[in-house]
Amino acid sequence: MKIEWEKATDEAVQHLQALLRINTTNPPGNEREAADYLADVLSAEGYDPVVLESAPLRGNVVVRYRGSGEDPPLLLLSHLDVVPAEPEHWQHDPFGGKLVDGMIWGRGALDMKSIVVMQLMTMLLLKREETQLARDVIFAATADEEMGGKYGAGFLVDQHLDLIQAEHALSEFGGFPVDLGGRRVYLCQVAEKGICWVRMRARGRPGHGSMPHQDNATVKLAEAVAKLGRVDLPFHRTDAVTEMFEGMASSLGGIPGAGLRLLLNPALSPPLLRLLLGNHPFASYFHALLHNTVSPTVLRAGNKTNVIPSEAEVELDGRILPGQSLETFLAEVQAVVGPGFEFEPIEIAPPVETTSRTPLFATMAEVLERHDPGVAVVPMVMVGGTDAKHLARAGIPCYGFSPMCLPPEIDFLGMVHGHNERIPIEALAFGVRVLYEVVEAYCSRGTEDH
Ligand SMILES: [Zn+2]
């Protein structure tokens, strides 16, 4: 049977509107209603979904399309929660799911209820087409990604791994086009930096504020914080970032491409980045791809104006590149601030890295290029964190693949978590089709070979 893509698009629009109207702002999340909605849609199609609550009202829904089992499963992972919206700054109700001038508006329209719908439509179409696959395809729409995923992907990995065990996963972040010097490039996440949140503490001699002395904890800490703001941690070139820069450089070509390659040179990169910082929109992102970074954020010291406190502390948001650890990160921080500080981990999550040299990534690139001719598909390293971290604990590599052909006026990175989040119907339709074709081509491949 030939798939009627226009009908599939209408259906996708309705599901997205329905999901956007269910308020899953996290905190508190309350994803149960959205999970039940998906379970109902899947059940009506003959599936047998399970809804699992990790805590009251924290719903996760999982379902499986069965292939022959010759090859291991593919997991489609999404999250149902969204970040808070500030309705007073929106042109349309963030929980209205309104359709205006070909755009669907709402918190989650991009991150990532539209992708929930693309993955849902893939499941529905597989069933209707009775597609013969060599692998199972697993659909998991989860709670809590925006707050770390403990009640969602983390919960599934820890307590229901048998339901989601797979060879690869597709999830956020990537598959959207960016304009790179006039060339449209689709970035697809293959790696992400690790998290090293630590508390740094200075100790000193307490005393009366009327008699200053040289051992003031607040002053020592302030000097260290200022140094961390001024001095870069050392340059590191990693495989995933090299692949990303090489990919972008060859799509750019010419002088801009050559300039991009220079950023991989340990001697030239730091001065070049310093030149770019403040001028180039990508400069701080590029900088973060080539260094472990540290941002001093929360400060605490003293509680009375006339008392010199005996300790002062700062919370550091540290992010580490693939191949780095808490130990190597702390050594770099200590080299900047000098001796005499105590460090206490607050939250640590290792970096995640996988390769783009797989048949799955090749299929993603092939299908994207077929539907958007002339574009380049480039592996991307994310400097923030996603649920890929939980999957990595279970040894499931994850690609960021949420295909959307967005027009230039829709700035994906600016709108995600920002105001007036919305998706053109056309981009949703594109995603539904591209994702289905990727899953179909990749998962049936084994069958052709045998
Ligand atoms: Zn997201």
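**Sheets, cores and selected residues of the predicted model**

Strands E12 (residues 293-301) and E14 are joined by seven bridges and run antiparallel. The model is predicted. Within this pairing, Thr 293 lies opposite Arg 319 of E14, and Val 294 lies opposite Gly 318 of E14. Strand E14 itself spans residues 311-320 and is mostly covered, with seven of its 10 residues buried. Strand E10 (residues 194-203) is also antiparallel to E14, and 10 bridges join the two. Here Cys 196 stands opposite Gly 318.

In general, the strands of a sheet pair through backbone hydrogen bonds, in either the parallel or the antiparallel sense.

Another open sheet contains three strands in the order E4-E5-E19, and its pairing is antiparallel. Strand E4 (99-100) and strand E19 (422-424) are its edge strands, each pairing on one side only. Two bridges connect E4 with strand E5 (residues 103-105) in the antiparallel sense. Leu 99 has Ile 104 of E5 as its bridge partner.

The largest nonpolar core comprises 107 residues, and Leu 75 and Met 364 have the most contacts inside it. Helix H15 (residues 425-449) supplies the largest share of this core, 12 residues. Both domain 1 (5-188 + 356-449) and domain 2 (192-349) contribute at least three residues each to this core. Apart from this core lies another of 20 residues, which include Leu 228, Val 314, Phe 329 and Val 333. Around Leu 75, with residues up to four places away in sequence not counted, the residues touched are Ile 138, Ala 140, Ile 164, Ala 166, Ala 169 and Ile 396.

Helix H1 (residues 5-21) has 17 residues, and the distance from its first C-alpha to its last is 24 Å, close to the 24 Å expected at 1.5 Å a residue. Its buried residues are Ala 12, Val 13, His 15, Leu 16, Leu 19 and Leu 20.

Helix H7 covers residues 239-252 and contains Ser 251. Ser 251 counts as buried because 20 other C-beta atoms lie within 10 Å, and the criterion for a buried residue is 20 or more. When neighbours within four places in sequence are left aside, Ser 251 is in contact with Leu 180, Arg 183, Val 185, Ala 376 and Val 378. Ser 251 and Glu 313 are separated by 62 residues in sequence, and their C-alpha atoms are 46 Å apart in space.

Technical notes:
Residues are numbered from 1 along each chain as its sequence is written. This is a predicted model: local features need pLDDT of at least 70, side-chain atom pairs count only at pLDDT 80 or more; totals for chains, interfaces and linings use all residues. A nonpolar core is a set of buried Ala, Val, Leu, Ile, Met, Phe, Trp, Tyr and Cys residues joined through C-beta atoms within 7 Å. A residue is buried if 20 or more other C-beta atoms lie within 10 Å of its own, exposed if 12 or fewer, and partly exposed in between; C-beta atoms are placed from the backbone. Helices (H or I, at least four residues) and strands (E, at least two) are DSSP runs, numbered from the N terminus. Domain bounds come from an automatic or database domain assignment. Two residues are in contact if their C-beta atoms, placed from the backbone, lie within 7 Å. Two strands pair if DSSP finds at least two bridges between them. The expected span of a helix is 1.5 Å times one less than its number of residues.
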